[in-house]
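Please open the model in your viewer and keep the selection tool at hand. The tour below moves from one selection to the next and says what is found at each stop.

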Amino acid sequence: MFRLTAGHRSSMTVATVLTLVGSALGLAQPLLAKKIVDAAGSGRIAWPLLFLACLFLAEAATGAVGRFVLERMGERIVRGLRRGLVSHLLRLEMREYDKHRTGDLISRVTADTTLLREVVSQALVDLVTGFLVAVGAVALMIWIDPLLLLLVTLTVVTAAAVVTSLLAGIRAAAERMQHAVGEIAADLERALGALPMVRVHRAEEREAARIGRCVDTAYEAGVRTARLASVMSPAVELAVHGSFLLVLVIGGMRVNGHANSLGDLVAFLLYATYLVVPLSSVFRAVGLIQRGMGAFQRIEAALALRTEPTGPAREAAPAGPARATESTGPVQEKPAPAVEPPAGHAEGSSARRATHPRTPAGKASPRDGDEEAALALEDVWFGYDPGRPVLRGVSLSVPHRRQVALVGCSGAGKSTIFALAARFYETDSGTLLFDGRPAAELSRAQCRARIAAVDQNTHVVHGSLRDNLTYAAPTASPDDVRRVIELTNLHQVVDRLPGGLTGMLGERGNTLSAGERQRVALARALLTRPSLLLLDEPTSHLDAINEAALSRVLKDITQECALLVIAHRLSTVQHADRIVVLDAGHVIASGRHEELLARNATYRELAAGQTLRTTATGPADRLPTR
C-alpha cells in the first residue's frame, strides 16, 4: 500500500503534519482544562477559557485542511491507478484476453479502485497519526496517574485481541466479495453484449438467474464481512465505555481520598477520550486495509498480466544481400516448399507445378520485379494451445498491388493467418516477413503501421459516423473521408443519419444494419491507405448489389496496396490474382480460380457448395439493408 503513494509523498506529508498539529492542539486542551478546573475557586478563568476556545477552533481548522489534502491525494492516486490499469489492459497479450473475462477486468478498474481509494486516502494516515496521537496521550496519562492508565490499558488490550482475531476472516470475506462483484460485471457484460440472442431465445430469466447467483455470492461474502465487523465494533465500544467507566469510578475514589485533584481527574478523562478516538481510528484503519487488500491483490494481478513488447524481438541484421543467422554465414533464400495436395486431392498437381513454377518465399511474383512481398509466411507453425497446431508449415506470399485470397472450410486456419499478420500472436516456428524483413526485427507498431484490417466481427464503436471512419486516421482530410464514402457506397447512410457525418451510431452501431456496419469498417480501413489490407469475410453481410460494387472496389484497391482476403463466397475472390486453399492448417493448392476448378477437388467441392447456396438463395433470404 505504501508503494501506491509514490509520487504523492509531499501531499501525504502535509496531510500528516496537519493532522498531527491538530492532534497536538487537541492534546493541549485537557491540560488547559485541568488548570481551569483547579483555578475555578480563584475566579481567574476568563482568559484560559478564551484560549481553550481558540485551541478548539485551530484544531478544527487544521483537521479540515488535512482531511481535504488527504481526500485530494486519494483521488489523485486512484486517477493514476485507473489510468495505469486502462493503459495496461489495452496492451495485454491476446493470450491474456483468451484467459480472462472482459467484465472482470473492467471491474478491477472501477469497483476495486473505488474500494482502494478509501484505504489510500484515509486508512494509511489514520494508522500513522492514530498511533502517534495515542503515544502522546499515553505519555501524558502516565504523567497524571499511572494506575488509572493501567486499567485503561487492560480494556484496550482486550479489545485489540478481539480485533486481531477477526482480521484474517475480514480479509478473506472481502476478497470473495470483490471476486463475486467481478463475476457480476463479467456475466452482465456477457448478457448485454448478446442481448438480441438473449431476447430471441427467451433467456432473460436464465441470465437473470445466472447473474443472481453471483449477486448471492457477493451478498453472502458481504454478510460475513458485516458479521465479523459487527463483532469488532462492540469490542472497540467496550474498550471506550469500559475505560471511561473505570476512570470515572476509580478516579472519583482517588479524588475523594485526596490522591488526585479534581483537575487531574478531568484531564485524565479527557485524555482517555482522546486515546479512544485515535485507537478507534487505528482499529478501523486496520479493518479497512484488510478489506482493501482483496481489491489491491486483484489490481496487482491485473497489472502482472503480460503485455505486448514494444520493441522488436531481436535486432535487425546488418544490411546485405542475404540475412545473417545467429550461427554461421549467410543463408541462401529458401524457396517455398512445394504445395503437395494430400491423398485424395492430387488431381492435376503435376500439370500445376509445370505450368506455375514456385515463387521464392517472401518474394513478389515475377511481374513485380525484385520488389519484396508485402507479407510472406515461410514454413509457419502455430497453435493457440501447446501440442495442438492450427497452422502446419504454411508458406505463402502477398505481393504488392496484388490480391491474394484464402479459402477453405471453417477451422482451416484462415483467420489465424490474419491474427499472425496483425502480430496478435507470435509464430511457434517459421518466419513472418513484412516487405522482406522478418517480423521479429520489427516492433508491433511498425508492423501494424503497414496494415489495416476488416474483421468478420465488425467493430463499430459508440460515437458519430465521422468518429468511426477516422478512428485509425484522426487527421484525415474531408476530401479523404468523402473518397472512402464514395468507394464503399456509404453516401446513403450519411444522408439518412440526422446530422450526416456527425450523426450518432449508438452502442455497437445498433442504428446501422449489418451490411452498413461492414461498409463503415471497410471505409475506416481504406482511409489509412495501408500497404497491406486484410479483409475477413468482407461480403458476409452485403447484398448482391453492394457485393458487386465491392468487387469493383477491390480491383481498384489493388492499384494502391496488397490485398489479402478471406472469403467463403467465392464470387468475391474469383478474380483474385492468386487463391490459396487451406485444409486443416496446410496449404494444399494455390492458383487462379479457373485453374483450381480444373485441378483441385477440394476447391471444386467449395465451389459446388457455393453454387448450391447461390441457387437456393433468393431475394427473400438476404439480410435487409436500411
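Begin by selecting Phe382, Tyr384 and Tyr425, which ring pairs link into a cluster in this predicted model. A search of the whole structure finds 3 aromatic pairs, and one of them joins Phe382 to Tyr384 in an edge-to-face arrangement, with 5.0 Å from centre to centre and 80 degrees between the planes. Colour the two residues by accessibility: Phe382, at 1% relative accessibility, counts as buried, whereas Tyr384, at 31%, counts as partly exposed.

Keep Phe382 selected and turn to Tyr425, where the ring centres are 5.5 Å apart and the planes stand at 50 degrees, so this pair is tilted. Phe382 belongs to strand S1 (residues 375–382) and Tyr425 to the loop between helix H10 (414–421) and strand S4 (429–434), so the pair ties together parts that are 43 residues apart in sequence. Both Phe382 and Tyr425 are buried.

Next, select the open sheet, in which 6 strands follow the order S6-S7-S8-S3-S9-S10 with mixed pairing. At its edges you will find strand S6 (451–454) and strand S10 (586–591), each of which pairs on one side only. Within the sheet, strand S3 (residues 403–408) and strand S9 (residues 578–583) pair in the parallel sense over 5 bridges, and Gly408 stands opposite Leu582 in S9.

How values were computed
Residues numbered from 1 in each chain as written. Predicted model: local features only at pLDDT ≥ 70, side-chain atom pairs only at ≥ 80, totals over all residues. Heavy atoms only, no water. Phe/Tyr/Trp six-rings, centres within 6.5 Å; stacked < 30°, edge-to-face > 60°. Buried < 20%, exposed > 50% of the residue type's maximum accessible area, 1.4 Å probe, protein only. Helix = DSSP H or I, 4+ residues; strand = E, 2+ residues; numbered from the N terminus. Pairing = 2+ DSSP bridges.
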